Amino acid sequence: IASSFETLSLQLQLAISGVPIAIENTQIWKTPVGSYFSGMRVSVNHKQDPVSFIYPGVGALYVGMGKDLLRLFPECYEQLSDITDNLAYSFQDHLMTPRLANQPDAAMKGKLENSLRAELANIAEAGVSYACLLTAIFQQQLSLKATSAAGYSMGEVSMFAALGCWKTPQLLGQRLRQSKIFTEQLSGPLKRLQDLWFNKNTKHEKHWESYYLKAGLMQVERLLPEFERVFVTIINTPDSLVIAGDPTQCLALAKRLSIRALPLDVPNIIHCDLAKAEYENMKGLYALPINSSVNCKLFSSSCYLPVPVTEKAIAVSISKCLTEQVDFPRLITAMHSDPYKAKAEKGNHVFIEMGAGKSLSSWIERILQTDSATCLSVNQKNLDDYSGILKTIAPLISLGHPINLQSIFAGSLVRTVKKVACTTLVS
C-alpha cells in the first residue's frame, strides 16, 4: 500500500527483505502504512474460513467518523435508502459532520463531541446507521460474508440491524425517541435514580458516569461492599473493565486501588441491576418483524451462544444484554472456540471491528493471544476512511479471502478520462 511512487518503492524494498523471513518463520510481515503478508500456508478454498464482524457500542462514535464512506462507495446509497427515507437524519449528519468555517480548536472539538452525546437516541441511531453502511460495504461491495457476529454492549443492536435481521429497522429509531426508557428512565434526567439516590428537587449535578479501569475483576469486586453505588458493568479483558454509578464513589474506589479512572462520558444506566426494572419494556421496544434468511451465527452476551433469528429471541437477547453485566472475553472465546464449527472453519479466524475506533480489535488480541486469529479494525481516529478500508482488506487478501476489488479500481474516485483534442483554452 502506498500513496506515492516514492512510498511504493520503499514498501517494495521492505517486502523484498521481509517477506522471505515471514515465510520461513510462518509469521506476519506488515508495515505502518498497511502493506501486509500473512506468512501462513493457506488452502485453495477460503470461502469457509471463519470471519466475525464485531460491532462496538455507541460510546465509540466520534465527530467526523466515516464522513467519506458514501463518497467512496456510492453503490451503498441505494441499499441504505431501502432502510430509511432520510439518510442525513439517520446518520445524524448535522452532529457527525458539522459544517464549520474554520478548523475547530480543542475547545470547539469538545463542544461538538458533547453535542453529539447529549441524547442517547442520537448516537444510538447514528451508530446503527454506520454499522449498516460498513456492513454493506464489506458484504455487498467487497463480497466478504460474515460467518458469525457479535456486539459489544449496545453494539448488539447494531449487529441485528446491520445483518438484516429486521424487516423495518427504521422503526427502531422512532421507538427510541418515543420510549421513556432511554429518554427519561435510564438516560437524560435518570428518573430511575430518583427517590433511590436523589429527588427531583436536588440541584443539578452528575449522578451517574461510566469509567474505564485498568484492573482485574477480583480487584474491584472485593471493594464493592464498601461502595454500594458502584457497579461493574463490562469486563473488557482479564485486566481491564468498566465501572459505573455515582461518580464520587467510582473515583473513590479507583483511588483505593491507586489506579486512574478514565471517564467515558456515557451517563446511561445499563448492564447493572438498576436497569432490570425496564427489562419488560425493553422487550417490547426491540420486538420488530424479522427476516428469517440470515446466514450468519449471531452471538449474544445474554447467553454467550448464537441467538435464533426470531422476533422474541432477539428482543429477549438485547434486553438481557442491556440489563446484565457483559463479559466480553467470554463472548469472544465462545465465538473463537465454537464447537459447532465445520472442520473447514477451524483455520485462521478473522475478527473485524465494524465501527468507530480499534479498541475491540486490540482487546480481542489480548483475550485470545493466539496465532490462529487475525484482528482488524475498519476505522481509526486520525486516519482517513480510504486508508482505513485499504489497511483492512490487505490482510484479508493476503489470507486468501476472495475480496472483490472492483469498487477500489472503478469507484467514484477512479474514472476513465477521455482525451479530447480542443483548440479552445479552458480555464
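This is a predicted model: local features need pLDDT of at least 70, side-chain atom pairs count only at pLDDT 80 or more; totals for chains, interfaces and linings use all residues.
A residue is called buried here when its relative accessible area is under 20%.

Let me begin with one residue. Tyr 130 has a relative accessible area of 6% and is therefore buried. Its place is in helix α7, residues 120–141. Its partner, Phe 91, belongs to the loop between α4 (87–90) and α5 (93–96), and at 8% relative accessible area Phe 91 is buried as well.

How many aromatic pairs does the model contain? The count is seven. In the pair of Phe 91 and Tyr 130, the ring centres are 4.7 Å apart and the planes stand at 80 degrees, so the arrangement is edge-to-face. These two residues are 39 residues apart in sequence, so their contact ties together separate parts of the chain.

I now move to a second pair, Phe 328 and Trp 363. Their rings are also edge-to-face, with 6.4 Å from centre to centre and 75 degrees between the planes. Which helices does this pair link? Phe 328 lies in helix α15, residues 328–336, and Trp 363 in helix α16, residues 359–368. The two positions are 35 residues apart, and the pair thus links distant parts of the chain.

As for accessibility, Phe 328 is buried, at a relative accessible area of 0%. Trp 363, at 12%, counts as buried too.

Notes
Residues are numbered from 1 along each chain as its sequence is written. Side-chain values use heavy atoms; hydrogens and water are left out. Rings of Phe, Tyr and Trp (its six-membered ring) pair if their centres lie within 6.5 Å; planes under 30 degrees apart count as stacked, over 60 as edge-to-face and the rest as tilted. Helices (H or I, at least four residues) and strands (E, at least two) are DSSP runs, numbered from the N terminus. Buried means under 20% relative accessible area, exposed over 50%, partly exposed in between (1.4 Å probe, protein chains only).
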